[in-house]
Amino acid sequence: MNYALASLAIPFTVALLTLLLQRRSEANPIVPAITVLATAVSLVFAGLALETQAVSGAVSHLNVGGWDSPLAIRLRLTPLKALLLGFVALIHLLTGLYAWRAKPKIARDYWPLSALLHTSLAALILSADIFNLYVTLELLSLSAVALVCLSGPKAYTPALYYLLLSLGASLCYLMGVAVIYGQYGVLDMTVLAGIMEADHSTRFALLLMTAGLMLKGALWPLHLWLPEAHTYAPTPVSALLSGLVVKGPLFILWQLWNNLAPEALAREMGPLFAAGGVVALVSGGWSAFRAPFIKTLVAYSTVAQLGYALMGLGLLLFLQERIYAVALWLFVLAHGLAKVSMFLAAGEMQTLLGSKRVTAMRGATQTIPITMSAFAIAGISLIGMPPTGGFLAKWSLLEPLFTQANHWPWASGVLLGTFVSAAYVFRAIALGFYQAPMSREPRHFDRVSQWLALLPALLVGLMAFAGQDLIAWMAGVTQT
Amino acid sequence: MNWTNALPVVAVFSSLLPGLLIFALREQQQGLRTGLNLLGVTVKLIVVGVMLWGVSQGLDFRVEAPFLPGGALILHGDALSLQFVSLSAVLWMATTIYAIGYLRGTPLQSRFFGYFSICVSATVGVALAGNLITFLLFYELLTLATYPLVVHRGTREALDAGRSYLAYTVAGGTLLLMGIAVLHALSGSPQFVPGGYLASVPARHGPALTVAFALLITGLGVKAALIPLHGWLPKAMVAPTPVSALLHAVAVVKAGAFGIVRVIYDVYGAETLEQLDLTAPLIAVAAFTVIFASLRALQQRHLKRRLAYSTVSQLSYIVLGAALLGPIAAVGGLVHLIHQGIMKITLFFCAGAFEKTLGVHRISEMDGIGRRMPLTMSAFTVGALGMTGIPPTAGFISKWFLAAGGLEVGQPWVVWLFVVSGLLNAAYFLPLVYRGWFSIPTAEWPEDHQPESGWETRRMLLLPTLFTALLTLLMGLLAGSALGPLGWSQLIVAREFPL
Amino acid sequence: MSPELLYLVVGATIWAVGLGGLLLVHHMLRRVIAVNLMGSGVFLVLVALAARSSPPDPVLQALVVTGLVVAISATAFAVRLASARAQHSSGTPEVERPGGDES
Amino acid sequence: MNGTVNGVVNADLWLNVLLAPLAGIVVLLVVGRKSVPWLWLSCVPALLAAIWPPGELNPGYLWPAASWGAPDPLARGWLGFTALLWGCATAGAAGIVDWDKSGMRFWLFWLFSLSGNLLLVIGKDAISFYMGFTIMSIAAYGLVVHHGGPGPRRAGRIYLQLAITGEMILLAAFVMRAQSVGGSLALADWQQLPIDGFTLAALVLGFGLKIGFWPLHVWLPLAHPAAPSPASAVLSGAMIEAGILGLWRALPADDSLLQSWAGPLLALGLFSAFYGVLLGLITSQVKAALAYSSVSQMGYFLVILALAWRHPEQSSAFAILLVLFAAHHGIAKGALFLGTSIHPLHRWTWLVYLLPALAISGLPLTSGGAVKGDLKHWISESDFSHLSGVFKLATAGTTLLLARALWLLRRADAGTTARHRSGLLLGPWTLLCLSVVLVPLLWPGFREVWIEQLSWSTTWQLLWPMAAAIALTGFAIKMEWRVPEPLRRWYTPVLPFSLRLKRWLYNPPLPRTHLELDWRWWRQQERRWNHFWNERGIISSSGWLLGFILLAGVIWSAFW
Amino acid sequence: MVDLAIGLILVALAIGALLSSTLFGSLTLFFAFGMLMAVAWARLHAPDLALAEAAIGAGLTGALLFNALNKSPPEVIKERLRHPLSVALVCAAILALLVVSLLPSLDQVSPLPPMVGPRMDASGVDYPVTAVLLNFRGWDTLLEIAVLLLALLGVKVLLPTHTPAPQPWSLLLGWSKTLAPVIVVVGGYLLWRGSRGAGGAFQAGALLAAGAVMLRLNHVLPEIRWSQLLLRISVLIGLATFLTVAIATASFGDGWLTYPSAYSKALILAIETTATISIAATLTLLVEGEGDELQS
C-alpha cells in the first residue's frame, strides 16, 4: 500500500513544487524534467505495488487516519488497481515526454496541472469510499477542464460545457450518494457491498450515480461534450483526456456495479449497458467517419471505443462471467495506449501539415511517415486486428460469447463495431496514401517527437504477442 | 530449438527483415535495396528448398509460441503449407526482379519494396500457419500490407480501389475472426490435422459448426473472390503491375483459396463436412463464380481488368476442387493453386511489359503487338492457353484432374462446367492472342520507350516473364515427375485421405 | 410533518429544479446558477438527513462543508471561464456543431 | 512384325520423333530463313520410326501415364503416311510461303502443328493423344489465318470456334471415358472396356468437329480456300483424319452399344459422301471443291467405322482397311491441295496432277483402286450388303466432283499471274503424286490388298462409274453448263451464326450488379440529424438524455 | 409552519432565479436564495454550516456572479424556453422517484454518529464536525483543498479579461477600511472556535476572503503578482502542510494521515491555520484575481 501511496504522493508533491518554482513569467526549463522524472519514479512505485500485490494476490486496505472501518475513509489496493496506477503513470510518462519535446512549447501550467491530474486519478483509483470518490471526481474534472483551457480562447466554449456538465453529473452522483447514505448510513464500499439490497431506493441511487458517471465518462449517449473538448485541447492533453480521464468514471462505474450492486440489479442493468455499448460503437464510429478534423475524428473514436468497454461491462453484469472483466480492462489498456499515440500523431500532423482538417493528411505517408505509422498502428489496434492489443481485447470479449448460442447476437454488435471502426480509421489512413502535394520536409520537423508518438502505438501494436500470459494474468488481477 | 524448428521462422523473417530494413532506406539507395531484396529471396529459396526436401523425407518443421489462451502461435511446415510456400518463394523472386525493372525511375520505391516484402512474409506466414489463430494473424497482416501496394500510385482511382479493397477484406477478416472465435469456443485452436480436428466435437454442436463454416468461408471467400464477394479484385487493377501480379497469383487471392482448403481438409475434414452436408452451397457458389466471372471477363475492354475477372473465375476452380471432397478433385484443386499462380503471373507480367514498353492498356491497342514484342507475346500466348486449359500447358493438367474428380464423387455436371468454362476462357483469351499475332497495328509504336538496344523491353521485365512462361509449359509437360506440383499435390492428398 | 421530511422534499425539489434549469436555460450564468441550485438541493438533503438523528450527524455535516468548498471552487472556475469565453471567443468555434448555446 | 529391327533401334527414337520438329523450331529461331529448305528433315525420324518401329517408350517424367509407341500396323501405317505427307508438304511449303510475309510465324505454327500431329499418332495414352490433338488443332489456326484479310479471318474464326468446342467436348469425353474404365489412361484399356452412350455421343461429336462429316463440316470449305495450300494439304490429308484415329482408339472394339449405333453412323457417312459431292459441284473455288471432296471422303471413313462396329469379330481387318484408306486419302488429297499452288500448269504437270485425282476416284492400280475395292468387298460381305449399289453412285459422284475441281483449277491457273514452280515445290509434290502408286507397292500391308483387288471384276466395277462420270463431264463442258444462279449463292447459316456468337461473346447480356444509392438523400438525412442536435446545444441535449436515462432505467427495472 | 414557508419560498426563489426575465434579477434572487438556505440550515441544527453557506454560498458566489455580470456583455437574446412543459414533466417524474427513494431513509439510522462520540478524545479537537473534517475524514479535506487549488490554477490558465474595474464606491471605501480589521479578527476567532464549536478553517477562510475581496474592490490592497513568492506560498502552504503531514505520518508514523495522539492537536492546529491562509488567499484570487496578475 505504501508503494501505491508513494505513486500518488510523488506527482502531488511535484505539482506543488513546480507551482512554487514559477518565479518568472517564462517557463522554467527544470520543471518538465522534474515532472517527467517524478512520473517515472511514480511508475516505478506503481510497478512495485503491482508486484507486491500480484505476488501476494491479496487485497490490502488502509483506513486513513487509522480509524476503524465504517467511520474512516478506506483506501483499497487490489492487483487491478495497482495495474491501473501503473497504467496511469505510464501514460503520463509517455505524454510528458512528448510534451517536453513538443513544438511549439506547451504552456508552463501544463506541468503542475498534469501532475495534479495524475494525483487525482491515483486517488480515484485507490479510494473505496463513495463520497471520497466524489471529491476525486471533481478533482479530476477540474484538472481536466483547466488543461483543456491551456490551448486558449478557442477551447473556452468546449471547456465550459465540459465543466458545467461535469458539475451537473457530480451532483447527480452526489445525490445518489445521499440516497445511499440515507438508506445504509455508511460510505465505505467494502461495507456497502455486503449490505446493499435490491430495493427501490438502492436502484434509484445507483441509477443516479450511473447517470452522473456516464456523463463524466462520456459513455454513450452522454458523450456530447467530449468531441469538442478533446478536439480543442492541446495535443498532450487530448491524449491524457482520451487515454485516462474518461476511464476514471468508468472505473468507478465498474466498481459500483460489479462490487457494490446486488446481483439482481446488476443483471437487470447489464443488457442496457451492453446495448448502449453497441449503439455507441456504431454512432460514435459513424460520427468519426464523418468528422472533418483529425482530432475530432480521434475524439469520436474514443466515444466509439468506450462502447466496447461499456459492452464488456454490460455483459459482465448480465452474464456474470469473469472473462468479460478481463475484456473490459484489456480494452481500457489497449485503448489508452492507442489513443495516446493517435492523439499525439494527430497533434503532430496538425503542426506539421499546418491544417487540422482530415483532408490535410493527403500524402502524409510520404511527408511524415513515422507519424503516419503511429496513427495507422494505433488505428489498427482500435479496429482490433491482430496482433494488436485491441485484437486481444476484442478476442476476449468475443470468444466467450460463442460458448452459448443465445449469446451470439451480442457478437454481431462487436462485428458492427469493427466495421465502423475500420471505416473511420482507414478513411484517414487512405488519405495518407495520396500522392503528396509537395515533397519537401515540413516545418518543425522533429524526428524525436514523432518517435515518441509512435512508441505507445508500438507497445499496443505488439501487445497480443503476450496475449496468453496477459489474459491469464488479467483474469487473476480482476478477480477482486 | 534445433534447426528444424528454426526453419519456418527463417522462412517468414527472410522477407520480413529486409522489408523493415528497406523502409529505413533513402530513395536513392537503389543498389542496397536491390541487394537486400535479392538476399531475402535467396535465403527464402534455400530455406524452402531444404524444407521441401525435409518434408518429403518425413521431417517435421514446427515451432510454437504462446499467444492466446488455448491458441498458441504455431508455424508448421507440412506438405500442404509447403505447396503454397514454394509458390510464394518462387514467384516472389520473379516478381521482385520484375518490380525492380518495372519501377525504375519512379518515386517511393523504398515504401513499395518494404510493403512488398512484408506482404510476402505475411503470405508465407499464412501458408505456414499451424492453426487458425496464427492463420488469422498473418491473414490480417496480409490485408494491411497489401493496401499500400494497391494504392501505391496515389491517384484518386487508386485510392478508390484501395477503399473498395479494404471494405471487402476487412469485413471478410472480421467474419473470419468470428468464425474462428466460434470454433475456438468449441474446441480451442489446436494444430491443423489432416482429416480435420473437429470430428471429436459432439454432434449437438452441429448448428454452431455450420455457422462457423459459413462465417469462415464467407470471410475467406472475400479474398478468394467468390462471387458476390469479388468486387474489390477488378478494381485493384489500378495498382502497379507487379502488385497486381503478386496479388492475383500468390498473395491475396491465394491466401483466401488456401484458407478454404485448410478449413475444409484440416479443420473440418471431409467426413465431418459430409455428415453436416455443408459443401453443397459452397460448390454451387464456386460453380456459379466460374461461369459468371468468365462472362464478366468477356465484357472487359481493359486488359488487366479482363485478367482480373479471369482470376475470379479460376480461383473458384481451386475452391471447387477442394469442396468436392474427393481425392482426385483435391489433387486438381491443389495443383491448380500452383498452376493458376504461375500462369496468371505470366499474363500480368506481359500486361505490365506491354504497358511499360508501349503504353498499351486496352485490348484494342494490342493489335499486332506480337511483331513488336514477340517474346513477351509468346509468353502471353502460353499463359492464355494455359488459362484455357489447352495442353501441353499446366492448366490442362489441373482441369483434367478437376473434371475427373467431379466424376469420381458422382457429380458429372462438373465435367460440363469445365467444358463451358473452357469455352468462355477461350472466348476471352484467344481474341487477344489473335490480335497480338495476326492483326495489323493501327499506328506506329512509340519508340522512346525502348530502354536497352537489342531487347524488346527492359531485360528485368522480360526475363521473369519468360521464366514463368517456361514454368507453365514445364509444369504441363513434366507433370508426371514426383517433385512437380502434381506429384506434391498427390503427396498431400495421400496424407489427407488415408486409404 | 417533521422539518426533516419537509426539507428533504424541498432539497430534492430544488435539485430537480436545478436539473430542469440545466435543460431549459441557455445563458451561461443562469446555467451556473442551475448547477448551484442542484448543489444546494443535495446539500439540503444531506443536512436534512443529518438532522434525523440527535445530535445531528457530524459526518454528514462535514460532508456538506467539503461539498460546499468543492462547489464554490467549481462555480468560481465556471464563472470566470464563462466571462473569459464571452470576452475572447466572439465567434463560434470552428466545429461542425456550432452549438445552440448562446452567452 | 517389327521383330527384326527392334533390337537395333532404341526406344528413344520415339522421343526423337517429337524432338525433331521442336529442334526445327529452335533452328528456325536461331538460323532464320536459311533453315527453311531443310525443315522437312524434321519428319524423317517419324518416317524411320514407322519403318523400323522400336518398342514402346514410357517417359514417366512427363505427364502421368505417358506412353509412346506404334504397337500395331494401324499405328505404324498411320505414322508413316502422316510423316510422308507432312514431309512433302513441308518441303513444298518451303517453295510457296513467302518468308517476308510473316514467314517465321507460319513456320512456327507449322512445326507446332506437326509435332502435335506426330504426338497424337504415337501416343498410346489418352493424355498424349489429347495433347497432340489439341496442339495440332490450335496451331493449325495459325495456318488457316496466315494470309490475313477478311476471308481468312472469318474462316479462322469459325475454325477456332469449332475446334475449341471440339477440344472441350473431347476433354469431357476423355475424362468420362477414363473414369468409366477405372481411371486408366492407356488407350489399349479403352479399347477393351465397354462405353456408355453419353460418352460415345460426346466422343463422336468432339471428333466429328475435327473430322468434318455432315453436319459438322462447316469449317472445312471455309478454311481450306483461306489457308496456304500446304496447310490445306496437311489439314485435309492428316489432321482431319486424326479424328478418325481418335474415334478408333477411344472406343472399345467389341461393344453392343456400338453395334446398335452402326446403322445410323453408316447412314450419316453415306449422306455425308453425297452431300459433299453435291455441294462441291456448285462451288466455284478449287480448294472449296477439294474440301467438299474431303467431306465426301470422310463419309467413307464413317462407313468403315460403322462396318467395324457392326462386325467386331473382324476388327483387325477393318483396322487395316482404315489405315490404308487414310493413307490413300491423305496422300492423294495432300497432293491435290499442294498442287493448287503450282502455276503455270504445264502438260506434264497436268498428267502428274491427274494421278491423285483419279486415285481418289478409285482408279484401279492406284491406292484408291485398292482401298475402294477392298471397301466394296467388305460391304458386300457385311450386314449392309444391300447398299452396294449406292457406292457405285458415290464413285461416280466423286469422279464428277474431282473433274469439276480440275476444271476450276484450270480456270484459276489461266487467271493468275503468280509463279510457283521452284524445285522445292515441284519435287516433293511429284513425289506425293507418285506415292499413290508407289506406296501400295512399297508398303507390304498395302501391297497385299492391292494385289487382292487386281481382279477384272473389281476393276470393272470401279471403272464404269468413273467412265460414266467422265463422259458426263465432257458432255457438260461441251454444253457449257453453268451452275444455276440460285445454287451459287448457297446460303449457309453458319457464318451469320458465328458472327452473332462472336458479338454475343463480346458483350454478353449480364444483369447489372451495382447498387445505386441515392447519396444526396442520405446526405440530407444526415444534415437533418446534425441540425436536430445543433439546435439544442450540447448542455441541453445532454441534460435531456440524462433525464431520459434516469427514467428509462426505472422503467426498465420495473418491467424486467 | 415557518419551515413550510421557508421551503416554499426556497423553491420559489430557485425557480425565479432561473427564469427571471433579467440576469440581474436572477442573480439577486439567487443571492436571496443563498441567504434563505443558510437560515434553513440553521433551523436544521447546523449553525456552522449556515455560517459557511452565508459566507461561501451566498456571499462569495454572489460576489463572483455580480462581478461576472459586470464584465459580461449585456444579455441580448431573450431566454427562449423550449418545451417548458416537457421539462417540468420529466423533472417532476424524476423528483417523484427521488422523493420515494429518499423517504424511507428518514427511518434509518446511521452507524456512524455513534462512532464519533467515543473517539472525540483521541481526535485532538472537541467539536465533532471539525474532528470529522480534519481527522476522521482528513483525506477528503486534503483533496478538497486541492480542488480549490485546481480551480485557481484553472482561472490562472485563462487569458485576462481586459475590462476596466468599476470605480470604487466612496462610501464602501470608507466602510471597508473600517471593516477589514474587524473581519480579520472575526476570522481568527472563527478559526480558533472551530476546534470546540461551530466554525473552523473554511468559515474563517471564507470570511477572510470576503474581507479581502471587499478591500480589493476598492483598490485598497496592494497589487499582487503570481511571481511574488509570498503569494505563492500563501496559496500553497495549506496543501503543502497537509501533504507533508500525510507523507510524514506514512513514512515515519502509523500510516497515511494517522496523527500521533500526542501531536494531534498541534498538527490539526497547524493544518487548520495554514489551510485558512491558503483558503483565504485562493478564494480571494478566485473571485477577484485577474489573469495577468496570476500569470506574471
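1. Val319(B) is in contact with Ala224(B), Leu226(B), Ala257(B), Ile260(B), Leu282(B) and Ala286(B), leaving aside its neighbours within four places in sequence. Two residues are in contact here if their C-beta atoms, placed from the backbone, lie within 7 Å.

2. This is a predicted model, in which local features need pLDDT of at least 70 and side-chain atom pairs count only at pLDDT 80 or more, while totals for chains, interfaces and linings use all residues. Residues are numbered from 1 along each chain as its sequence is written, and chains are lettered from A and ligands numbered from 1 in the order in which they are written.

3. Val319(B) also belongs to the largest nonpolar core, which holds 803 residues; together with Val148(A), Val47(C) and Ile304(D), Val319(B) touches the most other members. Such a core is a set of buried Ala, Val, Leu, Ile, Met, Phe, Trp, Tyr and Cys residues joined through C-beta atoms within 7 Å. A residue is buried if 20 or more other C-beta atoms lie within 10 Å of its own, exposed if 12 or fewer, and partly exposed in between. Helix H14 (residues 323-353) of chain A gives the most to this core, with 23 residues. From chain E, domain 1 (1-73) and domain 2 (126-296) each provide at least three residues; the domain bounds come from an automatic or database domain assignment.

4. Helix H16 (residues 374-388) of chain B has 15 residues, and its end C-alpha atoms are 21 Å apart, which agrees with the 21 Å that it should span at 1.5 Å a residue. The expected span is 1.5 Å times one less than the number of residues. Helices (H or I, at least four residues) and strands (E, at least two) are DSSP runs, numbered from the N terminus.

5. H16(B) is mostly covered, with 12 of its 15 residues buried; among them are Phe380(B), Leu385(B) and Met387(B). The buried residues pack against helix H13 (303-323), helix H14 (327-358), helix H15 (369-372), H17, H18 and helix H19 (459-477) of chain B. Just after H16(B), Gly389(B) takes a positive phi of about 90 degrees.

6. Between chains B and D, 28 residues of chain B are in contact with 30 residues of chain D. On the chain B side, helix H12 (279-299), helix H17 (394-408) and helix H18 (413-438) each supply at least two residues, and the largest share, 10 residues, comes from H18(B). That side has 22 nonpolar, 4 polar and 2 charged residues. Ala, Val, Leu, Ile, Met, Phe, Trp, Tyr, Cys and Pro count as nonpolar, Asp, Glu, Lys and Arg as charged, and the others, Gly among them, as polar.

7. Which chains have the most contacts among the 8 pairs that touch? They are chains C and E, where 72 residues of chain E are in contact with 65 residues of chain C. The largest share of the chain E side, 12 residues, comes from H3(E). By class, that side has 52 nonpolar, 11 polar and 9 charged residues.

8. Chain C has 3 helices and 0 strands, and 75% of its 103 residues count as buried. No contact joins chain B and chain C, whose closest C-alpha atoms lie 25 Å apart. Chain B and chain E likewise share no contact, with their closest C-alpha atoms 41 Å apart.
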